Amino acid sequence: MNVIIDIATSSPAGYGHMVRCSHLANELRRQGTKVYAWSYRPTIESIYLRDHAGVVLGAPDRAEIGIIDTMTYDPDTVEAMRERVDRIVVIVGVGQNLTPQVLEAADLLVYQTGWKVPPMRFGAFGLQLSGPDFIILGPEYARPLNVMRRREALVVFGAGIPWDYAVETAEALAATGIRGTLVVPPYYSGEYEYTLAPAGFTMLRSPMTLRGLQALHTVQVGSLGMSTYEALAAGCWPIVVGRTADYVATADILMTMGMGNSMGAWEQVLPENTATIADVLLSTMKEFPRVIDGYGIRRVAKHILELVR
């Protein structure tokens, strides 16, 4: 069976888009599927999938399944994919991307949120996977964590939030005596070279998986995205500063479910306030249980392959 993956964005994708597609490509390949990285508009994300998931660049004339991980709906991408595949799977991160056009294009929708959404009718099949059981994480997140967790903070901000804000947040944490790690997202590489890590902090380029870091830290401060769900799977408490109102709404719902703290939109959140919350948590928290089991990737892959079996 042939599967094509396209990370369809109007700008360079964030960490989550690339990593979850890489995890999914590896899982599909493990099940004997040949996976291709292809895009109607060639992007560096395709190169990332080749380098980290062993997929083939380009695409066959015909494939059974096309997977589009979308940030903004692109009719040209959907039309070009539909000409090549029998079924289309659409992966969406937050509600602002759930447009009528996306729903119409999807034979199977994989909605990467931490809660169930109301039933929706779309596509030819109207199939939807959403909630904690279908978060696309690598198989390493299903394994037990046998580490001594440090009472430190992991700072992980993604695309859409200025690098300066991430640094200021780490500096505010350091000012309260908190130690930790400041993760440099892939697209901040030029700016970070001129940044000095705050006292007590280590600065690290974004690795393929954050699981090892999250297993060592007690809290994670950052924007909402796949790293938030990775933290929940690793037992690291997320303190979320949203990129937009839609991201804040998602974080608010996670907070009502006992799955982290929601601080609001980043333009309205002082790094010092975030540091205060982190300081209280680090002073009072005991071990935080894993609330995502790490097997979501297998469940998602199973449903994708069943579309044509």
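Begin, in what is a predicted model, by selecting helix α5, residues 163-175, which lies across β8 (150-156), β9, β10, β11 (217-222) and β12 (237-242) and runs at about 175 degrees to β9.

Now select the strands themselves, and you will find an open sheet of six strands with parallel pairing, in the order β10-β9-β8-β11-β12-β13. The edges are held by β10 (201-205) and β13 (261-265), and each of these has a single partner strand, so one side of each is left without a neighbour in the sheet. As you follow the sheet from one strand to the next, the twist averages 15 degrees.

Then move to helix α9, residues 245-256, which lies across β12 and β13 and runs at about 160 degrees to β13.

Finally, show the side chains of Phe157, Tyr165 and Trp266, which ring pairs link into a cluster. The rings of Phe157 and Tyr165 have their centres 5.6 Å apart and their planes at 85 degrees, so this pair is edge-to-face. Between Tyr165 and Trp266 the ring centres are 5.4 Å apart and the planes stand at 65 degrees, so this pair is edge-to-face. The pair of Tyr165, in helix α5, and Trp266, in the loop between β13 and α10 (271-284), links distant parts of the chain, 101 residues apart. Is Tyr165 buried or exposed? Its relative accessibility is 6%, under the 20% limit, and therefore Tyr165 counts as buried, while Phe157 is buried too.

How values were computed
Residues are numbered from 1 along each chain as its sequence is written. This is a predicted model: local features need pLDDT of at least 70, side-chain atom pairs count only at pLDDT 80 or more; totals for chains, interfaces and linings use all residues. Side-chain values use heavy atoms; hydrogens and water are left out. Two strands pair if DSSP finds at least two bridges between them. Helices (H or I, at least four residues) and strands (E, at least two) are DSSP runs, numbered from the N terminus. Axes are lines fitted to C-alpha atoms, for helices over the stretch in contact, and angles run from 0 to 180 degrees between N-to-C directions. Contact means heavy atoms within 4.5 Å. Rings of Phe, Tyr and Trp (its six-membered ring) pair if their centres lie within 6.5 Å; planes under 30 degrees apart count as stacked, over 60 as edge-to-face and the rest as tilted. Buried means under 20% relative accessible area, exposed over 50%, partly exposed in between (1.4 Å probe, protein chains only).
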